Structures are given as C-alpha cells and as structure tokens.
Amino acid sequence: MNNTTPQKEAIQNLLLRLELWFAPVLIVVPLVVSLVLVWDWFSRGFSVGLSRYDGELLLAILILFGNIAVDIQFLRSIRTLRKKE
Amino acid sequence: MAQYQADIIEQLNAIEVDAHWFRRVFHTFAASFLMYYLIPDVGWIGMVKIVVPIGIVVCIAIIDYRRIRGELDHQRFFGLRNYEKGRPASYLYFGTGLLLLLLLFPQQIAVPCILCASFTDPVIGESRYYLGKKQAYLIGFLVSLFLFLLTWYRADWRVLLTISLVGATGVVVGEAKKLWFIDDDFMIQILPAILLLLVWQAALFMGVNILPAPLILPLQW
C-alpha cells in the first residue's frame, strides 16, 4: 500500500503535466485556424467582392466560438487541478 | 450487468473530472483539421497531403498496438476510459475516421461530418449528464441539423433539407449505437458520410449532381 500510493501520485502528476503541456496547442491551434480562414475570406473574397469564400467565414466563426466555449471549461478544470496539487 | 448499472458507470466515466474536459477539448480541436482543405493539391504538396495524414495515423496505430499488448502502461495515456484498456483507443478510431473522410470523401460531405464529430459529440456528452439520454440525443440531432444546414447552405432547399435530415440522423445513430468493436468516435463521422454518399450517388444516377460548391477553396500556389 505504501508503495502504490506514491506511484499513483507520480502517475497523476505525470498526467497533469502532460495535460498542461498539451493545453496551449489545443487552445491556440483552433484560434489560429479560425484567423487564417477569416484572413483568406477577407483577402480572396470580401476585398474583391467574391461571395464564394463566405463559407470560410462561417466555418471560422463556428470553429472559433465552438472552441472558446469548451476552452473556458477546460482552463477552469486545469486551474482547479493545479490548486488541488 | 443491468442497464441501470451500465448507465451509472457511464455517467461516472463521463464526470471523471480531469480527463473529462480534456476529452471534450480534443474533440473541438479536431475542427482545426479542416485547414487541410486550404492546402493546394498541386505538385509535391498534393503528395504530402496524402502521405502525412496516413503516416500520422499509422504512428498512432503502432503506439496503440504497443499499449494494448502491455508494452506501454495504459495509465500513462491520459483520458482513456477503462473499457478502452483491451481494445483500440477512441483517439485511434477518431483519427482513422478523420483520415477516411479527408482522403475518400468529397469535401462537401466530409466537412459537416468532421464538424459533427467535433461539436455534436461533446454536446451530447454534456447534455446526457445533465438531461438524460433521450434529451441529449434530441439536442445532438438539432446541433447536427444546424451544422448540415450551415455547410450545405448553397444547395437547393429540397436537397438542403434532405441532406440535413439524413446527415443528422446518421450522426445521432452513429453516436447512440454502441458497438464493442467500433467506437462512436468513428461511427459519428463515417455513418453520416456513407449515408450522404449514397444519397449523392443515387442523385447522380438520376442525372442530378446535388453537391454544392465546396466551402473551403485551396490556396493558390
């Protein structure tokens, strides 16, 4: 029992570090993708009056807000875990 | 095991605090893979577009194979559920489904299916916990319907309605139908895609191409 508890704790810490390491990637990449889509819509579509790029704007908005909604909860859960640690 | 016991266990798994939101955020993150369609198809980049995704999924499959064989400790894989211990993990199913969609299906079919896997799945998961299964699937159906309507908005209204209803039904059935050997992360993507493919092919057989213009156009190289 004495051996398993520190081992479990070590695994928990490792997992927590892994999650924290992944967090910036999981949060930043969708935001970057949204911005790229908005930029593409603006530069190739809106600025030259082409409506066929409007779909990219829709997708950008969807990806942006969809991710932000979950990211907030995710960051809260990480903060809670860090406090516990 | 009685159904109520299975439901309780499923609920307990669903609220596993740390892994819980990690899994959700991984789902929504997957919407970023739509970036794939911005990459041009010409020259060596066209080859890279095919080889790299296959390579990534093969690497994941090798790691997961080693995990299942016990060479890698199951506990070191964050966010895995207990039932995934002796079978391929859901991330492998998700990756395989995504790969098939990107490589084998037209963009117009793949995009809403990827979006449903990214957003509908977490919405159903959260709703199921707070509202119960039936309401969760109803909400999931409505969210999927919205995503199909949004991505096929350029199609004729009859096509738009048919595709959205068929696609959203496929998503909910893919999520609700639990099979021990195929994860819902795979089914939620592939089932609606196959249904839409059949509708598209049937329409083509009758001489009508129902696919609207693609939403994402590749960058000029």
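Colleague: In which sense does α7(B) pass α8(B), left-handed or right-handed?
Modeller: Both are helices of chain B in a predicted model, and helices here are DSSP runs of H or I with at least four residues (strands: E, at least two). The crossing of α7(B) and α8(B) is right-handed.

Colleague: How are α7(B) and α8(B) oriented to each other?
Modeller: Helix α8 of chain B spans residues 184-205. Its axis comes within 7 Å of that of α7(B), and the two cross at roughly 150 degrees, with axes fitted to C-alpha atoms over the stretch in contact and angles running from 0 to 180 degrees between N-to-C directions. Angles over 145 degrees count as roughly antiparallel (under 35 roughly parallel, 65 to 115 roughly perpendicular, the rest oblique). The pair is therefore roughly antiparallel.

Colleague: How many nonpolar residues does the contact of α7(B) with α8(B) have?
Modeller: Contact requires C-beta atoms, placed from the backbone, within 7 Å. Residues of α7(B) including I163(B), V166(B) and V171(B) meet a set in α8(B) that includes M187(B), L191(B) and L195(B). By class (Ala, Val, Leu, Ile, Met, Phe, Trp, Tyr, Cys and Pro nonpolar; Asp, Glu, Lys and Arg charged; the others, Gly among them, polar), the contact has four polar and two charged residues, and its nonpolar residues number eleven.

Colleague: And how does α5(B) lie to α7(B)?
Modeller: Helix α5 (residues 107-131) and helix α7 (residues 157-176) of chain B have axes 11 Å apart. They pack at an angle of about 50 degrees. That makes α5(B) to α7(B) oblique.

Colleague: Which residues of α7(B) does α5(B) meet?
Modeller: The crossing of these helices is right-handed. On the α5(B) side, P112(B), C116(B), T120(B), D121(B) and I124(B) take part. Their partners in α7(B) are G167(B), V171(B) and E175(B).

Colleague: How many helices does chain B have?
Modeller: From the N terminus on, the elements run α-α-α-α-α-α-α-α. There are zero strands, and the helices number eight.

Colleague: What should I know about numbering and cut-offs?
Modeller: Residues count from 1 along each chain as its sequence is written, while chains are lettered from A and ligands numbered from 1 in written order. Totals for chains, interfaces and linings use all residues, whereas side-chain atom pairs count only at pLDDT 80 or more and local features need at least 70.

Technical notes. A crossing is left-handed if the near helix is turned anticlockwise from the far one by less than a right angle, and right-handed if clockwise. Two residues are in contact if their C-beta atoms, placed from the backbone, lie within 7 Å.
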